[in-house]
Each structure stands twice: as structure tokens, then as C-alpha cells.
Amino acid sequence: MGQPEGVDWTVIVLTCQYKDSVQAFQRELEVRQKREQIPAGTLLLAVEDPEVRVGSGGATLNALLVAAEHLSARAGFTVVTSDVLHSAWILILHMASGIQGMGYAEGWDPDCQGQGRDFPFDDCGRAFTCLPVENPQAPVEALVCNLDCLLDVMTHRLGPGAPPGVWVCSTDMLLSVPTNPGISWDSFQGARVIALPGSPAYALNHGIYLTDSQGFVLDIYYQGTEAEIQRCVRPDGQVPLVSGVVFFSVETAEHLLATHVSPPLDACTYMGLDSGARPVQLSLFFDILLCMARNTSREDFLSGRPPEMGQGDVNVVDYLQGARAQLWRELRDQPLTMAYVPDGSYNYMTSSASEFLHNFTLPWVPRVQIVHSQVEEPKLLQTGSSVVSCLLEGPIHLGPGSVVQHCHLRGPIHIGAGCFVSNLDIAQSEALCGLELHDLFLQGHCVRLPGSLGRAFTLVGRLDTWERQGAGTYLNMSWSEFFKKTGIRDWDLWDPDTSPTERHLLNARLFPVLHLSRAPGPQDMLWMLDPQEDGGKALQAWRASWRLSWEQLQPNLDRAATLASRRDLFFLQALRKARRVLETRQDVSLCPLIRAAVHEGCPAPLLTMLDQVAAAARDPGVAARALACVADVLGFMAEGQGGLRSGPAANPEWVRPFLYLECGDLVRGVEALAQERDKWLSRPALLVRAARHYEGAGQILIRQAVMTAQDFVSTEPVPLLAPGQWVVAECPARVDFSGGWSDTPPLAYELGGAVLGLAVRVDGRRPIGARARCIPEPELWLAVGSRQDEKAVKIVCQSLDDLQDYCQPHAPGALLKAAFICAGIVDVRSELPLHEQLLQTFGGGFELHTWSELPHGSGLGTSSILAGAALAALQRAAGRAMGTEALIHAVLHLEQVLTTGGGWQDQVGGLIPGIKVGRSQAQLPLKVEVEEITVPEGFVQKLNEHLLLVYTGKTRLARNLLQDVLRSWFARLPDVVHNAHSLVWQTEECAEAFRQGNLPLLGLYLTSYWEQKKLMAPGCEPLAVRRMMDVLAPYVHGQSLAGAGGGGFLYLLTKEPQQKEVVEAVLANTEGLGSYSVHLVEVDIQGLSLQLLGSESST
């Protein structure tokens, strides 16, 4: 969440009320560190409060001691030293309910950490209460808890700019702070409290600060009088609320830490308690901070007591007075200032059920909140309701103002208005059928009882109060009404010696946790809504059960099991979502989910689901994407180790699954892949290699999809050549002006591609060509290189074995060998030897010679255009004619056979003359259609005068870039998906600019196109090229590297005509460019040409 910049915390401490929860909460911190919400080097400590009633001040002192102790040990000290604080940024997050000591609506005791203070709406407390918000930009898919929001606020909003020191933050409130809260830390000393605005009416049940004009705190009021509140009102009519956030400078933190060795304050820490000291309750705000307030006198401070302490006995008062005296000595001279954040907001999470629903249904947002949930019938959810981390199957009605969290339910179920349902699974759905809930809170709980683990269920009314005073209600009715309706008696709930004034909802033994014959279920409570149905059987079963009160239930809650249950349900619904995303071809990235599964240690269910989707897919695009997702899972499991993701994928161990896929047996292929995968999970290097092979498997499926282009390949018979006669094919290069990458499979048939390209001559020449002829020998003679025979690399193929490396792009003559195979001249899988195949069909062999005058990796489409020239020459030599449209599709086929991949824009750009747009629809079979663009008269000549090519001297292999782009597309990274759509859209706009003959507009599109290429393939702009483009920028309307980038040719659309000499001069005066050259370029209006020459002619 939030911005990447923020505080690099040295230590984060999370204080916990229950010791059984420490390990679970430690794990939650570590998971957030893996998500990069917390810096990687931060020391994480979940710390149990040393005693139930040490108060927020005692918990702060203990947490500071533990942090200092760990830092001292890390620094090599054998004793605790405050020196370690001087370069440390420490964040203490207090989790125990009420620990902030200032937000106590509903009559709750501030700072009381004992029984009854637990948050009634989440077993893991306010910190881990899930909010109805989702962060679609988050790199890791996860529920957003209040703790996550507070971490974001502290790390990215309040913390930046502060000097080393100790931040203390409660987790009992919802906090909103602007990106720049405007807090100055110049020459800061002492302690600082953060205040947020609140109304004077809200302050009646809250803590507020009184400050002077310089921001020094004069006093702290809790539930102040009207006069006290009025003294705190600011010019904006608001009062500064105590927000639960405090900062201690290093000096002040040292003074505070020094008290841990002095009685009676030593009893606030685990060291003191371990030494037998008597516990003391200490308030952060009304003991530690109040002694620093300027209007506080020593006499009043020593004789006073914090508002959370009752009258108590004299010994307790004297004990506290000694503690306050020690605080006065250490902290009185430390200045206390307030930072007021007027644009922030603060909302204490009270025990009011109505306020809870108000906060978590976002009534100001007029829609249903469905967050990290899968809902089969969302139309049954009414406006103003909220569903968080749920799987809702079948008809489930949800009324306005209701919340369902962490539930897997199956309808029919009707949940009316004003309800909260949480932590129920599908086994409890039946208990809800036939009921209509209104204004009720039904919750499931994981409990750990002596000798057993199990579930318990609680039911309360929205209007019930959790106060210990007053008459009280249950299920929204008075206790007398409840007894009359249900037949339950007061002695069922309370011991006879419990006085009527001490009987309340918190200590009523209402909730069954154990039956003799069955597990507890929601029915143990829901019968109370209509007790007349079963003749008293439910009442008897309820009375026969072992029941606990809310207070008794809290210490027995299994918070680790609760978090684990939530995690399991989150991934269950997430897998359903991922399956739907894949099967319905949604442009939604699954990378955040994959990272989450790996971080949480549960990738196995995800891998199983991906296997199932791939095996069952009828669409090769769906199957290929599922396999690519498996590769991503394996890559993330390697955790950045084991090598680069791109690499070879032809290990013999993977041959069997690859053969199944090649034969079209997807089910057995996916099964064999999974079996082989299980052998490669033991270490990062193997995981990365396995990921490469899964990408290789995906390439097989892409290849099969692209092979559908063969549907549009056809030839016609023509007269055979005379013996020894050459057929020569010559082609221009191509320059891409817009849309590149959208033509690359699978984008070409999943998104649909559109590319605008120009056929061009370089320095007046058509630089690419091929020639072929029949020869009497039943052999294949191949030559690669110059147009002159004596400079060509010659290869003679006399057997099928000589052709077996046709699919290895770097093998000598691989492209030419693939051309013979794709032209149907040779069948490498035939049992007939090569010479017999050639003699039977053609009466002899062939000689094929190809050349390119462009450097390798030029970006001008050389390889694909060369393949087109070779195929055209071969087919004509074999007595066949192939149209240009058929040739475009034949090259697609050839490049898949060659395994170089690639799209269709190069052959469209070089085989078809002039300026044109190639398009393919989002469908299979893959078909490319070409529209030649008509431009104003004279514009081609004008364009020729303004176009220049600059060879950068940098070469690149497009395949490396191609692998990265395909990986990003399969992952459906949002920026890449948006950019791909922009490429297609801009192509149509660019075509219109050509029709208008608008050079400046074309320049703008060209520059935009280069930015699109860089976003598609990060790393495609070498530093020397960037330097070159910067110095040329004043002279051009626009510029871009050709093709995929990374090197090759840079093409320029200059502002003035005929700028070759000017460009050369500019580059000559620029250092660090290496070897470069500037070339003239002009639009070719001929395209592919075929010419028949005599046997002795040289071309």
C-alpha cells in the first residue's frame, strides 16, 4: 500500500495482550515484510504485555526495553544500552484493546487491558479487523486490515522527515492522514503528540489537548467539562483529539528507558516481573505524557490518578505515587509539543454495533462493497451492504447496512438489514436456511479449550450494549423480555451470588462451547429467535451444554486458528476468481495472487488449479496462459535466486510432456508436466529451470495457435524453371511507425493487432533477397551471406540428419532449412531418405542462396522479410506461385517452426509496398489483413526528404526481449495491458495522420510510440542510444528505435528536409556514441519482386 518512499524502520514492535497469540502475530508481521509493506531489514518483534494490567504506559516501556535489548544484542553488547537508539527508527504498535488511553466511548475504561476490553466484532482485535477496501495496485493480493492502513500512515505519511526516535501508535482507531501532513521537524526536541480534528461534542467522551500558541502541550483532558473543551477549540471550530500517536526523540526515549531499572517502574517490564516486582498500571497519556505538560504541577501530578483507575486501595495509590515521582524526575524537563493535522480524520473503533456497521458498510458510497469475494448472485446484495473475503454460493440475500465477512455460505439464505455475519463456513449454512435475520450479529469463533479445539458461536443484537452498568439488553430486548420469550432463567446465566447490578451481557453464560453428542453450531443460538417451534428441545440442549460468557470466551479464543481459517478462505475464493479470470480470458493480472500464495507458503492449491484449467481448456490461449502462470509460481518460489527467468528449455527430462503437447494431447501433456515439476521444487536453480520449461510448453501451444495461419496459405502451379535457371526475390526493409508488439502472438489473436509500417530502401537499395534454382543432384545446397557466391557460407544437405537443426535459430542455415520444410519440399519426419524425396517429386535437388545487406539485429525486419523472400523463391523454383497474402501467413508458420516466434508486422512491412496497416482480429485461425494507406500527392517524396536512419552500432537479439514481453502479457500486468490497447488505438490515429500528410503529428506519434515500446519491453533503450536521441531531439519531429529496440537502427523524422549532413555533424560532436552511421531512407513502392535469370547470371 502507499508510496514506495517511506521510513526505513529499524524495529517494529507489536504488543499483544495474550501470550498464545504472539507467534501468530509475529507471523503476520513477517508476511507483511514479504509483501514489502515493511522494509526488508526491519527487525520484527511481537511482544506479549508483561502483565494484564500494566496499562498503555507500562506496555510502551516494556516494548521499548525489548527493542533496545534486541538492538543491543545485535550490536554486540552484553547489556542493554540506550546508545543503540541514536540511529534507530522504532515503531511500537499497541494492539491490546483500549491501550491508547484516550478513546473510551460507551463507558469503557481507558487503558484497561483486562477482561471485557476485547473488541467484540473481531477475535483478533481491532488491528486485524478487515476493512471493506481493496488496493488493485498492490503487488501482493491480500486483505486490508486496519493494521495495514496504520502501517501505511506511519511509514509514508507521519513518519517521513522525523529524526531517529520512537513512534508509539495505537491500533484501536481508523486513521486518515493526507500525503503531506505538513509537520516540521526542524530542531525538534522532546516528545510530540499527533492530534486530529474532532467536534466538541465528540470530545465529551474523548481525550483532547490544550496547547499554547507555539504548540506546547499545556494539559490533556479526558471527558473534559464544557469549559475545558471550549478552551481547546481551534479557529476551525474543531478540537485537537488525542489520536493515539506519539513520537519520542532519542533523548526523551533514553530518559524513559532509564526508568526500567528503578522501582516501582521496573514492574512495568518483563524484567521487573521476572524479578518478582509488584505490577503497576501506568498510562501513556495520563502518567508519562501528562508529567511533561506545562500546566501540570508536581503536587497535582503526584496526588492525581489517571481516569482509568478507580478509587482503589491506599496501597495502590501510594504505589502509583512512587511511580509518578520517578516519571517526574526523568521526564519533567522534556518538552511536549503537538502537531495538528487539520485535513486528517480519526475514528475510535468503539464497541457500538451500529457504529461498527456504519464504518464498515461505507453508507456514503451508494453501492455494494464486494471485496476479495466471489458472489454467485450479486444482484441479491442490496445497496449499502458489504461482503469481505467471502465465498457466497447460490441465492444469498443481504440487506442494506449489513456486513458479511470471512464466510463460505450456500443459499438460500436471507440476511436482512443491520446484520453482521462472520466466520461461518458452508457446514453452518443449513442452520441459516429458512430464517430471516434483522439487526443481529452472528459470529463463529475458533476456541481452544482444555484438551480440545473447536468452534463456538455467538449471537447478539445490534442494539445490545456491552456496558457493565445499566439495565442492559440481549437480542435487542430487555432481559425480562428475553427470559419470557425463551424460557431461559437468570440462574442459567449467572451464579446466584452475582448481584443484580453486576449481571450484564459480558458475564452472561450464553454461548455453548461443548455438547456431549455433537459439535456446537449456530443453531445453539438461533433457536432463541423463535423458541416455540420444537417444544423446548432446543432449550434443553442449550441447558445441557457447557456454556461460557463473553468474558470467559475471550482468553480461550484461538487467534492463530482464526487467522489460518481466514487465510484458507481467502485463498479458496481467490482460486475461484483466478479460474474465472483464466477461463473467461479476462485482462486481470494474477501475479498479486501468485505472490500471495508463495509468501503465505501455500502455492500447491494454486498449481493444482492451474493444471486443471490448462488441461480442460479448449482455447490454446487459455491453456498457454495457465502454463505461463505455473511458470510465474515457480519463478516466485525461487525468491529471486537461481538465475534469470529466460533461458533454454530443452532438457531431456521434459521431452515426454513436450511430445504430448506437440501431438495435441493436452490432458496427458499437462499431467506429465506436473509429474516432472514435482522433481524440480527442491532449490531455486531447479525452480527457475522448471519455470523456463513451462514457458517452453506455452510456446508449443502458441506455435499451434499460430499454425492456424496455414489456413490462408495456398499456391498455384506454374511452369517449371529451365535447368539451372535462377528465380531471384528482392525485398525492401521495413520501418514500423506504430503498433509494434500488438502483432506478436499471442497478442495478435488474443488482443488483436494493428501495425502501421513502411517498406523502405536504405541508401537507395533493396537490401534483402534470395535466389533459388533446381539442380540435378538430389541434394540441398544452401548459401548464406553476400550476394556473391564466393563470399557466401555454403552448406550441403545430403540426408535428413543434416536438416535436424532447422529449429535451432543459431544453427548455420537454420532459416533456409526451415524454409524447405515449410514449403513442403522436404518432410523431415518421412521414412524416405532425402534424396528419394527429392528425386520422386522434383527429379533433383535445389540450391538456395539468401542475403541481407543490413547488420544482424537491425530492427528493420530482416529475418522475417528474408524468410518471405526465401519462401517466394523456393516455391517458384518448385513450380508453384504464392500470393503475397499467402506468403505473409507462410512466414508466420516458418518462424514458429524455426522457434524464433515473432509476429507478422515485418513481412507485411517488407513484402507489401508503400505505407500500409496490417491488422489481425482477436480470434483463431490467425488471419492478417492489409490496408494500403493513400496519402496526399507529393507526400511520399516529402517524407523521403525528412526520413533518416542512424545505425546505432548496438545489436540486440529480439528473442530475449520477446520472452520478457510474452511473460508480461501472460501475466496481464496492468500497465502492459493498457499499453497494448494503446498501441492498437494509436495505429489508427497514426494512419489518419498519414492520410492527412501531417509530418509534425506523425512525429508526435513516433515519439509516443517509442515510449510505448519502452513500457512494453523495459531495457530496450541502451544508454548510448538515449544520449544519441537527446542530442538529436531539437532537430526532429519524432524518433524511435526500429523494431523491438535494444539497438539496431534509429529512425528520425526531421523538422527540416535533407538533414543527413546536419545529423552527422551533431553526432560527431557527441562523445560516447561508439560506432554509428547515418543512412538515407526512402519509401519503396515495389515491395517483393520476383525475377527469372539465366543459369550463369549473378545478382
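Q: Which strand does β15 pair with, and in what sense?
A: This is a predicted model. In it, β15, at residues 391-393, pairs with β18 in the parallel sense, over three bridges.

Q: And which residue in β18 is the bridge partner of E393?
A: That's R410.

Q: What's the strand order in that sheet?
A: The order is β13-β15-β18, three strands in an open sheet with parallel pairing.

Q: Switching to helix packing: at what angle do α20 and α21 pack?
A: About 160°, with 8 Å between the axes of α20 (residues 604-616) and α21 (residues 620-637). Angles over 145 degrees count as roughly antiparallel, and α20 and α21 are therefore roughly antiparallel to each other. The crossing of α20 past α21 is left-handed.

Q: Which residues meet there?
A: From α20, they include L606, L607, L610 and D611; from α21, V622, A623, A626 and L627 are among them. By class, the α20 contact with α21 has 12 nonpolar residues, one charged and no polar.

Q: Last topic: where does UniProt put the GHMP kinase C-terminal domain?
A: The unreviewed UniProt entry places that feature at residues 991-1066. In the model, this span is 54% helix and 16% strand, and its end C-alpha atoms lie 31 Å apart.

Key. Residues numbered from 1 in each chain as written. Predicted model: local features only at pLDDT ≥ 70, side-chain atom pairs only at ≥ 80, totals over all residues. Heavy atoms only, no water. UniProt positions renumbered as here; feature names shortened; annotations may be inferred. Helix = DSSP H or I, 4+ residues; strand = E, 2+ residues; numbered from the N terminus. Pairing = 2+ DSSP bridges. Axes fitted to C-alpha atoms, helices over the stretch in contact; angles between N-to-C directions. Parallel < 35°, antiparallel > 145°, perpendicular 65-115°, else oblique. Left-handed = near helix turned anticlockwise from the far one by under 90°. Contact = heavy atoms within 4.5 Å. Nonpolar A, V, L, I, M, F, W, Y, C, P; charged D, E, K, R; others polar.
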